[in-house]
Amino acid sequence: MKRTPRPPVLLRLVLVMVSALLVFVTPTLAQDPLVLAVRTPLLNLDPTQESSSTMGFAMINVMENLVTTSPDGAYEPMLATSWEVVDDTTWRFHLREGVTFHDGTPFNAEAVVFNLDRMAAPESLHSSNFGWYAGASVVDDLTVDISTNGAYPGILSGLNFYIPFIVSPTAVEVLGDDFNSAPVGTGPYRVVSHEARNLTVVEAVDDYWGGVPAVKRAEFLYVPEDNTRLASYMTGEVDVLTFVESSQIPLLGMRDDTVLVEGPSDLADMLWFNTQKPPLDSATVRQALAYGIDLDLILETVLENTGTRYGVALAPGVWGFDPETMGASPYPYDPERARELLAEAGFSDGFDIEFLIADRPEHARIAEAVQGQLADIGVNVSIRTLDWGTFLSATAAGEHELMVVGTYAFGDADRILPEFESSSIGSRNRSLYSNAEIDALIAQQRNELDADVRRELIKEIVARLTEEAPRLMVRARKQVQAVNASVQGYIHHPAKFDLRNVTIGN
């Protein structure tokens, strides 16, 4: 399905009216194959070459990790059945017996070492996420020792990576570039076809170690336009909407044959300032903009309360979050204070700034709201929209001044804090923020085994970042999905579209 440009206002209103009428159209019962609509395209299926969380959410059914999490965030065994600490920098993992990759080759300790080395290699898009990794060694066929750069209490979070990455070493070697569209993992499904920006089809594996799934075939269909995605669900072309726009929730909630599955998301939406572009290189200017943006109002009206608001760095689902010091929005809406800070920084007459966004309706609505609010303090905001892939490349290169994009809301603090490290500029650090003292504190907490001491370090880091304001939290998302009522066993998970226990009934 090709991407279409955003329709004009009148046409959008017509589409909304048509969608409302479709409330009274009964969709067909879900059938095998199960069709799930996604709003972000699945491009490259090689875990070392893809950064989209949607790819990870879908491909957890094809590839797996050593460790996973329950829906409430507790760490659980996956390809590793147990683990223990050998010393401050070494963890030993015992692997699941009798597991094979979809190409028939064995899953073993050598495969684990291969995949960790591959994810941490410089050519991997995720090398910065594996900065803790010092190496791994085979103890025996089903035992592997993983070494960390210094003591690293967040290793389980690091191994529960949001994109599953344990793949067949043989397939990587044999398939070469074709591996990008035909990854070979250990999960309950295998990829049978992949058309980037269109459709990815998976089918059940008969000898999956966790038992054969009931749904034999599933399709992840890329439908970028929100009203088209909604209409596809209403008419039965799609069985699961993996992302429901806040404006669509009341409409879908009226339907007796639809179940709204909701809970916390693994993602939080952030406004990022490019701290290396004047005048945003001034903390005073960034603070002024923070006071000039009413993010509470945006959450309530534009985003219809589909989430909660906190500080600049960590959400409540993150280990190290402190509700007393991080639980309140640090910059309440105060346009008068914003004007005072702009005058103090030498911008009494304001300035021009560009807001770069991806082609997503919610991002457009956020940008338009920010544009109107900052105009009240004399800051002129222009909005430029790019397709998702181009947007990611442009913001990684620092071409933006202001932008909105998601980050993590669950796991260990060290999953998020690298977004403020100088070494992550060009990858995860989209604010291009650089502070040697913050770098040192982040490194110190990373290697601190005493939990109480580490919590205090994290509090200090977050307090410093709050004052510097390299970014602002729009919301820790509430994830809402629409599921055809004939689909049973689909459970909300912050970071998975998990099909293992799904059945289709009447």
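**Hairpin.** I began with strand 4 and strand 5, which a hairpin joins through two residues. Strands here are DSSP runs (E, at least two residues), helices are runs of H or I with at least four, and both are numbered from the N terminus. I looked up one partner: Glu84 bridges to Arg92 in strand 5.

**Ground rules.** I am reading a predicted model, where local features need pLDDT of at least 70 and side-chain atom pairs 80 or more, while totals for chains, interfaces and linings use all residues. Residues are numbered from 1 along each chain as its sequence is written, and side-chain values use heavy atoms, without hydrogens and water.

**Whole chain.** I noted 15 helices and 21 strands in the protein chain. Its C-alpha trace spans about 70 × 60 × 40 Å along the principal axes. Of its 506 residues, 57% count as buried, meaning under 20% relative accessible area with a 1.4 Å probe, protein chains only.

**Contacts.** Which share of the contacts with a separation of 6 or more comes from residues 24 or more positions apart? I wrote down 71% for the protein chain, a contact being heavy atoms within 4.5 Å.

Notes: Two strands pair if DSSP finds at least two bridges between them. Buried means under 20% relative accessible area, exposed over 50%, partly exposed in between (1.4 Å probe, protein chains only).
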